[in-house]
Amino acid sequence: MLNKLIPKLQVESIYEIVLNDLWKDGIRGIITDLDNTLVGAKVPLATPELVEWLKYVQSLGFKVVIVSNNNETRVAKFAKPLNIPYIHSARKPKNLPFRKALELMELKPEQTAMLGDQMLTDVLGGNRMGLYTIMVQPISLGDEGFFTRVNRRLEKAAKLIMKNK
């Protein structure tokens, strides 16, 4: 079970991902978390830097879907101006939101990367589905809600266990 918590790649931020390498490896779609992955949890809209990055990602041919455990109001307000499809109230790490995202992109798991900041939702869910998981450092820990803070403590414990094995 613990191996399902290990991402294939870890980076500081989305801007460190070498997109050309993903493309060469057959990745054609990116499922991305929203809060603390793309922007801080309390940042309502995409930053200019993120808008440019997303345009670049799409110009390379990648399909993108946002999959967030947050509510529809939050996710729609963020995703609609970007014209990016989204799945809200996803309940990650359940399989269903990942399946829906794959259907939206018309891609197979082995053609898709999952980008997120949490082991227990993004990485676990992505690995269970056979996606190429990429974990970023959270953008703004201070803005996180109660359940995310609980997850962070569990992640810390899991990392200690894995380190000592």
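Student: Hi! For contacts in the protein with a separation of 6 or more, what share comes from residues 24 or more positions apart?
Tutor: That share is 69%. Keep in mind that we are looking at a predicted model.

Student: Okay. How many helices and strands does the protein have?
Tutor: There are six helices and six strands.

Student: And in what order do the elements run from the N terminus on?
Tutor: The order is β-α-β-α-β-α-β-α-β-α-β-α.

Student: Nice. What percentage of the residues is buried?
Tutor: Of the 165 residues in the protein, 44% are buried.

Student: Can we look at one? Is Thr 37 buried or exposed?
Tutor: Thr 37 has a relative accessible area of 3%. Buried means under 20%, so Thr 37 is buried.

Student: Where does Thr 37 lie?
Tutor: You'll find Thr 37 in a loop, between strand E2 (29–32) and helix H2 (48–59).

Student: Which side chain does the side chain of Thr 37 make a polar contact with?
Tutor: Its partner is the side chain of Asp 117, at 3.0 Å.

Student: Leaving aside neighbours within four places in sequence, which residues is Thr 37 in contact with?
Tutor: Asp 117 shows up again here, together with Ile 14, Thr 32, Leu 115, Gly 116, Val 136 and Ile 139.

Student: New topic: helices! At what angle do H4 and H5 pack?
Tutor: Helix H4 (residues 95–105) and helix H5 (residues 119–129) pack at about 65 degrees, and their axes are 9 Å apart. That angle makes H4 roughly perpendicular to H5.

Student: Why give both an angle and a distance?
Tutor: Because two packed helices are described by the angle between their axes and the distance between those axes.

Student: Is the crossing of H4 and H5 left-handed or right-handed?
Tutor: H4 passes H5 in a right-handed crossing.

Student: Which residues make the contact?
Tutor: H4 contributes Asn 95, Phe 98, Arg 99 and Leu 102. From H5 come Thr 121, Asp 122, Gly 125, Gly 126, Arg 128 and Met 129.

Student: How many of those are nonpolar, polar and charged?
Tutor: The contact of H4 with H5 has three nonpolar, four polar and three charged residues.

Student: Let's go to the loop between E4 and H4. What is the phi of Ser 89?
Tutor: Ser 89 has a positive phi of about 45 degrees, although it is not a glycine. Ser 89 sits in that loop between E4 and H4, and at 38% relative accessibility it counts as partly exposed.

Student: What about the phi of Arg 91?
Tutor: Arg 91 is not a glycine, yet its phi is positive too, at about 65 degrees. Arg 91 is also found in the loop between E4 and H4. With a relative accessible area of 58%, Arg 91 is exposed.

Student: What kind of peptide bond joins Lys 92 and Pro 93?
Tutor: A cis peptide bond, with omega at about 20 degrees. Pro 93 belongs to the loop between strand E4 (86–87) and H4.

Student: Last one. Where is Glu 106 found?
Tutor: Glu 106 is in the loop between H4 and strand E5 (112–116).

Student: Is Glu 106 buried or exposed?
Tutor: Exposed means over 50%, and Glu 106 has a relative accessible area of 65%, so Glu 106 is exposed.

Student: What separates the C-alpha atoms of Glu 106 and Arg 28?
Tutor: Those C-alpha atoms are 10.0 Å from each other, while Glu 106 and Arg 28 are 78 residues apart along the chain.

Key: Residues are numbered from 1 along each chain as its sequence is written. This is a predicted model: local features need pLDDT of at least 70, side-chain atom pairs count only at pLDDT 80 or more; totals for chains, interfaces and linings use all residues. Side-chain values use heavy atoms; hydrogens and water are left out. Axes are lines fitted to C-alpha atoms, for helices over the stretch in contact, and angles run from 0 to 180 degrees between N-to-C directions. Helices (H or I, at least four residues) and strands (E, at least two) are DSSP runs, numbered from the N terminus. Angles under 35 degrees count as roughly parallel, over 145 as roughly antiparallel, 65 to 115 as roughly perpendicular and the rest as oblique. A crossing is left-handed if the near helix is turned anticlockwise from the far one by less than a right angle, and right-handed if clockwise. Contact means heavy atoms within 4.5 Å. Ala, Val, Leu, Ile, Met, Phe, Trp, Tyr, Cys and Pro count as nonpolar, Asp, Glu, Lys and Arg as charged, and the others, Gly among them, as polar. Buried means under 20% relative accessible area, exposed over 50%, partly exposed in between (1.4 Å probe, protein chains only). A polar contact is a pair of N or O atoms within 3.5 Å; within protein, one must be able to donate a hydrogen and the other to accept it, and residues adjacent in sequence count only if both atoms are side-chain atoms.
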